[in-house]
Amino acid sequence: MRILFPNMMKWLGRAGTKLHARLAEEIRSAVRSNDGSITMRGMEEMPLMKSVVYEALRIEPPVSLQFGRAKRDLIIESHDAAFEVKEGEMLFGFQPFATKDPKIFTQAEEFVADRFIGEGEKMLEHVLWSNGPETEEPTLGNKQCAGKDFVVLVSRLFVVELFLRYDSFEIEVGTSPLGAAVTVTSLRRASF
């Protein structure tokens with residue numbers, strides 16, 4: 001969370017007031033229609049908020065470096081090559097190579113807030129921040145992050161709570177040993 005939340009703030013802050021206004025409207029409307037409560041069902045009715053969370057996880061995975069030993073002989077294929085891996089060999093992955101692949105994602109290096117809305121939801125299979133596709137569930141055999149659903153949930157709650165309280169905010173971004181160092185320079189309290 002010490003990496004995830006500052007990165008989420010960084011991408012939301014950089015996206016600007018037009019996105020902030022859209023998020024505030026969507027979130028507040030969904031909460032009002034759920035008797036003023038934040039509910040799981042209500043959050044499912046917030047496609048822009050969900051897309052923003054997935055886009056932040058895509059563009060800057062909180063755990064970008066991953067490794068493991070091959071449990072069996074296998075062939076790993078890329079767009080234009082195949083690599084033979086023997087059982088027991090060490091594998092190393094740098095997530096942004098996959099999550100920013102321009103052959104998969106248009107504008108791969110840019111934060112596109114509504115990338116995963118509508119037909120874009122099909123692209124979630126290429127969001128690999130959790131050491132596996134977002135569309136798959138963690139199991140004992142696949143090394144996918146067991147806390148994947150929890151991370152998505154608290155990220156959604158973070159964005160929802162932020163835009164229930166504030167219309168917009170501005171930031172300055174620096175660096176820290178754990179990623180982004182975000183300083184909030186301006187907050188505009190909720191006006192509607």
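In this predicted model, the charged end of Arg58 sits over the ring of Phe105, 4.9 Å from its centre (the criterion being NZ of Lys or CZ of Arg within 6 Å of the ring centre and within 35 degrees of the ring normal). Local features need pLDDT of at least 70, side-chain atom pairs count only at pLDDT 80 or more, and totals for chains, interfaces and linings use all residues. Residues are numbered from 1 along each chain as its sequence is written, and side-chain values use heavy atoms, with hydrogens and water left out.

Arg58 belongs to helix H4 (residues 47-59), helices being DSSP runs of H or I with at least four residues, numbered from the N terminus. With a relative accessible area of 0%, Arg58 is buried (under 20% relative accessible area, 1.4 Å probe, protein chains only). Its side chain reaches the backbone oxygen of Thr99 at 2.7 Å, and a polar atom of that side chain lies 3.0 Å from the backbone oxygen of Ala108.

Now for the rings. The whole structure holds six aromatic pairs (ring centres of Phe, Tyr or the six-membered ring of Trp within 6.5 Å; planes under 30 degrees apart are stacked, over 60 edge-to-face, the rest tilted). Tyr54 and Phe116 are edge-to-face, since their centres are 6.3 Å apart and their planes at 80°. This pair links distant parts of the chain, 62 residues apart: Tyr54 is in helix H4, Phe116 in the loop between helix H5 (95-99) and helix H6 (148-165). Both Tyr54 and Phe116 are buried, and together with Phe105 they form one aromatic cluster.

Note on methods:
Helix = DSSP H or I, 4+ residues; strand = E, 2+ residues; numbered from the N terminus. Buried < 20%, exposed > 50% of the residue type's maximum accessible area, 1.4 Å probe, protein only. Polar contact = N/O pair within 3.5 Å; in protein donor to acceptor, adjacent residues only side chain to side chain.
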